[in-house]
Amino acid sequence: MSTRLENKFAELKQAGRKALIIYITAGMPDAAGTIEAIRRAEEAGADIIELGLPFSDPMADGPVIQTASVVALKHGMTLPKVLEIVREIRKTSQIPLVAMGYINQVYHYGFEKFVEDAMAAGLDGLIAPDVPHEEAGEMRKISAAYGFHLMEFITPGTTGERMEDTCAEASGFIYCVSNYGVTGVKEIDYSIIGKVCAEARRHTQVPLAIGFGIGTPEAAAAAAAHADGVIVGSAVVKRLLDGQKDEAMALIGNMRKALDKAFQ
Amino acid sequence: MNTKGRFGKFGGQYVPEIVMPALNELEEAYLKYKEDPEFQEEFRSYLREYAGRPTNLYYAERLTMHYGRARIFLKREDLLHTGAHKINNALGQALLAKRMGKKRVVAETGAGQHGVATATVAALFGMECHVFMGAVDVERQKLNVFRMKLLGAKVIPVSSGTGTLKDATSEAIRYWATNIEDTHYIIGSAVGPHPYPTMVRDFQKVIGEEIRQQSLEKLGGLPNYVVACIGGGSNAIGTFYDFREEKSVKLFGVEAGGRSDAAGDNAKTLSGTGEPGILHGAFSYLLQNEDGQVVEAYSISAGLDYPGVGPEHSFYKDAGVAEYVSVTDQEALDAFQRLSRIEGIIPAMESSHALAYLEELMPRTKPEETVVVTLSGRGDKDVQMVAKALGEEA
């Protein structure tokens, strides 16, 4: 049986469209705000939501998501509360939802219990930025047994055998990190990760989504040329942090338009 | 499970994919130079000529008399250049970085000792050096900040998170991830992703090897007890490693008991409430709350207040290779003053934790036995802070 995530990518592919994946830190500023932001993001044109699990030590994140994590934790966000948010969303929406979180809190919760509870709540997968392919073995097995997606990563430095191994076991979509660094908006030459995506495409049909750095509709379109979708985090979270909800949604809307215009 | 760099179930490589190729490159280079006689000779030569090895195994006669039990010997890492064992690892990693063609080194630092050691070797080898230091620590350790600047390093205050060592470590990793092609990250303790814990241990294991040789020469046998302080655990693993299979040698790692047993008041990762978890690339014991968020560690000693610990120590704990205990801030302060007065040696506050454990250990020892304490660093850097803690002017 195919999953919400697989169906979404299949549907987009059929329509010749690119996936717009929006990252939102769960609990920033609170659960109700997150639920509202996800609903509005979907209305504005997001295809998939990455729900950030705030962590005390987010080593792959730049200043914006670090700050959002601090705020969310200060307001008491926890993993069980994130699952409540997912359940709430599922009452009205079937938008694919994947969690993005550092592995310690998931490990602490119990990985298998997490997958079980996450599936029951309606979460479709997990992106764990501090679990590279080599460390994912056991988690991959458990996830596969439940039909839960554990996302793999490729970067400009992923080559050779590691690329093949990663592609061979990919599920959901492959998170393609656009450049050396951490999350946050910056100018990036997307042709670099584009070449890596082309190489990955030789090994797998699993959808590819490019993330890191994308802050404008133009950048979204430029990145999307090399993949099946784009992931936008800091640009949206920055606006939400600043209390500019409408601006955040307008940005999502404009990215949607830019993607649909560039790829019809 | 990835079996690379595991100590039992502990260790591993829990890092962003962006860092993996650099770790693989580092591992490859390390394995190559580990077996390279020329590299090893260069490393030993710098340890000897520049850092001042071997360090003495000093018979602390008056301290021995004070307790009236086993003879106490001090492994004098405090006599090394820059004042602590940190230079062993910094030299080894800088030599490796040089061979790997990296032009820049970065480091995290808490109290500033590892930052100073890294800035020192960067100056020695003509490399650019960036040191990440928590904003709180920059304020607390002005003298070391100035030393690093004097040595030509750029000190970057980190105010994200709680603005202390763990945040400086995260920031150093972020910088490394962004500049991975020309930068080597000199991690300061036996922590982090593989190959760091193994590599740092190998650069520090000279401490234990010298203790063994010096003990055989001076005592005609191995010591009965070996004591070292432990934060991340580099001086402790360097001290313990050579004795890990010696059943007759009891190993004690002394953690910072801080001001109380409450969460956030100590750094008792192994001897307190730590549970296995993942931070900064390794699976190891970790101070964390019920939600799996990392709890800030506290100690009067800035070199011990890290919420994690090297994965090899986690393995030693579970396997019973070493015993992990703790002493409080006050006990360490007492030991700091005791050694100063009895032996004329001002120990680092970190090392004072190892010395403080003698209060508990010595009554259990016999006069014919011997105890070795690794004096990991000298206490000049702590004098001001201690004066303040004692309510005196410095």
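Tutor: Helices are DSSP runs of H or I with at least four residues, strands are E runs of at least two, and both are numbered from the N terminus. We're looking at a predicted model, where local features need pLDDT of at least 70 and side-chain atom pairs 80 or more, while totals for chains, interfaces and linings use all residues. Residues count from 1 along each chain as written, chains are lettered from A and ligands numbered from 1 in written order, and side-chain values use heavy atoms, without hydrogens or water.

Student: Which element gives the largest share of the lining of the largest pocket?

Tutor: That pocket (an open set on a 1 Å grid over the protein atoms, 1.4 Å probe, protein on both sides within 12 Å along at least five of seven lines; lining means an atom within 4 Å of a point) has 19 lining residues, with Arg140(B) and Lys381(B) among those nearest its centre. Helices α6 (135-140), α7 (142-150) and α16 (383-389) of chain B each give two or more. The largest share, four residues, comes from α16(B).

Student: Which elements give two or more residues to the lining of the second largest pocket?

Tutor: Among its 17 lining residues, Phe43(B), Arg44(B) and Glu209(B) are some of those nearest the centre. The elements are chain B's α1 (20-34), α2 (37-51), α9 (196-204) and α10 (206-219).

Student: Which residue of chain B forms a salt bridge with Arg162(A)?

Tutor: Across the A–B interface there are three salt bridges (Lys or Arg side-chain nitrogen within 4 Å of an Asp or Glu carboxyl oxygen). In the one with Arg162(A), the closest N and O atoms sit 2.9 Å apart, and the partner is Glu17(B).

Student: Which element gives the most to the side of chain A that touches chain B?

Tutor: Chain A's α3 (63-74), α5 (103-109) and β6 (152-154) each give two or more residues to that side. With five residues, the one that gives the most is α5(A).
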